[in-house]
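The sequence and structure come next.

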Amino acid sequence: MKIFISAGEASGDLHGGALVEELIKQRPGIGIEFLGGDEMARAAGHGPLIHYREMAYMGFAEVLRNLGKVLGNLKRAKEAITQSRPDALILIDYPSFNLKLAKHAWELGIPVYYYISPKVWAWKEWRVKDIRRYCRKVLSILPFEVEFFKGHGMEVEYVGNPSVEEVERKEGNLPAKEAFLKRWGLDDDRPLLALVPGSRMGEIRNNLPVMDEVARRFPQFQPVIAGAPAIELSVYGQYSSFPVVTDSTFELVRNSVCALVTSGTATLETALLGTPQVVCYRGSGSRIFYNVMKRVLKCPFVSLPNLIAGREVVPEMLMHLCNADSVAARLAEIVPGAPGRDEMLRGYARMRGRLGTSTAAATAARSILSDF
């Protein structure tokens, strides 16, 4: 049996690596060809057809500047699928590229599975038509997606959320708090306040100045910035003088009493770690853009804890609402001793219950292989 998997960015490579491990474990001798990165290469025992570093172009302008590379990658991938004729194509997010591969595989009669589907329930809902036409099954990692895809006449299965397993695994291997503080030269007399400004330059530029200003209003805490692996330390220094810890976000968040977190997967991980948070997303900071997006978005929330729980668990301070006064007011509601803290932790428990206990990669692999 042969499987072709396409993941176009770092997060997809991480989840793809776990999926490859399970496919090989459940079907020894299976052949794996893939677009991805080092995690998938480690699991498969060989390198990718195309590394995601050559594919990870985000936004219209960046894609346009690199259009020749994008089209070249797509041509290589299509040719590889045509030549190898895999038994199945598995897509991991990255819809602009992957849906083109899906159409190509569908035209060749190759079954297509979408593991970690694009967030079409939030926006760009027109993509549902392509997913329904070209994909045999959606393997969802968010429980509320099941009703959405079923409502569009699609076969969908909730397989569990990989962040649950990832957090549990990492949390079980974390060193003691004292070792973390000593490693980074942090004080042991003031509680930590985690500042998680995101992993992209634009996110850091827009969100960290607000986080810095808010943190200075809470002198009882020790603010520490979670540095992203690919970002130079000097970047953070442009917007804040607080200390930065790199490649240690889990440790920082787990050992902090509260966190300011840029919207994204980090909000779910923070909730799973049990650290109260305020979700921040400054973006352009425009009230007009905020009102436009309210009309474009098809969902009531943007942060995963709220979407999964089906109600507001964490405050979402978006665009012009992401200012120092508003964020500080919401942070004050969840500091130790504040009544909002226990309410948020109860919301976390509700969210965790809805995620269930399934292991995502193992369940997804089993679902795919059961068709062959």
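A charge is taken to sit over a ring if NZ of Lys or CZ of Arg is within 6 Å of the ring centre and within 35 degrees of the ring normal.

## Charges over rings

By that rule, the charged end of Lys 170 sits over the ring of Phe 250, 4.4 Å from its centre. Arg 216 lies over the face of Phe 242, with 4.4 Å to the ring centre.

## Basis of the model

The model is predicted: local features need pLDDT of at least 70 and side-chain atom pairs count only at pLDDT 80 or more, while totals for chains, interfaces and linings use all residues. Residues are numbered from 1 along each chain as its sequence is written, and side-chain values use heavy atoms, with hydrogens and water left out.

Helices (H or I, at least four residues) and strands (E, at least two) are DSSP runs, numbered from the N terminus. Two strands pair if DSSP finds at least two bridges between them.

Strand β1 (residues 2-7) is joined to strand β2 (residues 31-36) by five bridges in the parallel sense. Within this pairing, Ser 6 stands opposite Leu 35 in β2. Between the two strands the chain passes through α1, and this β-α-β crossover is right-handed; that is, with the strands pointing away from the viewer, the path from the first strand over the helix to the second runs clockwise.

β2 also pairs with strand β3 (residues 50-51), in the parallel sense and over two bridges. Here Gly 36 stands opposite His 51 in β3. The chain goes from β2 to β3 through helix α2 (residues 38-44), again in a right-handed β-α-β crossover.

## The six-stranded sheet

An open sheet of six strands runs in the order β10-β9-β8-β11-β12-β13, with parallel pairing. Its edge strands, β10 (244-246) and β13 (316-318), each pair on one side only. From one strand to the next the twist averages 25 degrees. Axes are lines fitted to C-alpha atoms, for helices over the stretch in contact, and angles run from 0 to 180 degrees between N-to-C directions.

Strands β8 (residues 192-196) and β9 (residues 222-227) run parallel and are joined by four bridges. The bridge partner of Leu 195 is Ile 225 in β9. Helix α13 (residues 265-272) packs on the sheet and touches β8, β11 (256-262) and β12 (277-281), its direction making about 165 degrees with that of β11. Contact means heavy atoms within 4.5 Å. Helix α9 (residues 177-184) lies across β8 and β10, at about 110 degrees to β10.

Buried means under 20% relative accessible area, exposed over 50% and partly exposed in between (1.4 Å probe, protein chains only). Helix α18 (residues 360-369) has nine of its 10 residues buried, so it is largely enclosed by the rest of the structure. The buried residues include Thr 363, Ser 367, Ile 368 and Leu 369. Among the elements covering them are α1 (10-26), β4 (88-92) and α8 (162-172).

His 15 is found in helix α1. Its relative accessible area is 18%, so His 15 is buried. Leaving aside neighbours within four places in sequence, His 15 is in contact with Tyr 115, Ile 116 and Pro 162.

## Aromatic pairs

Rings of Phe, Tyr and Trp (its six-membered ring) pair if their centres lie within 6.5 Å; planes under 30 degrees apart count as stacked, over 60 as edge-to-face and the rest as tilted. The whole structure holds five aromatic pairs. For Phe 148 and Phe 149 the ring centres are 5.2 Å apart and the planes at 80 degrees, so this pair is edge-to-face. Phe 148 counts as buried at 18% relative accessibility, and Phe 149 counts as buried at 0%.
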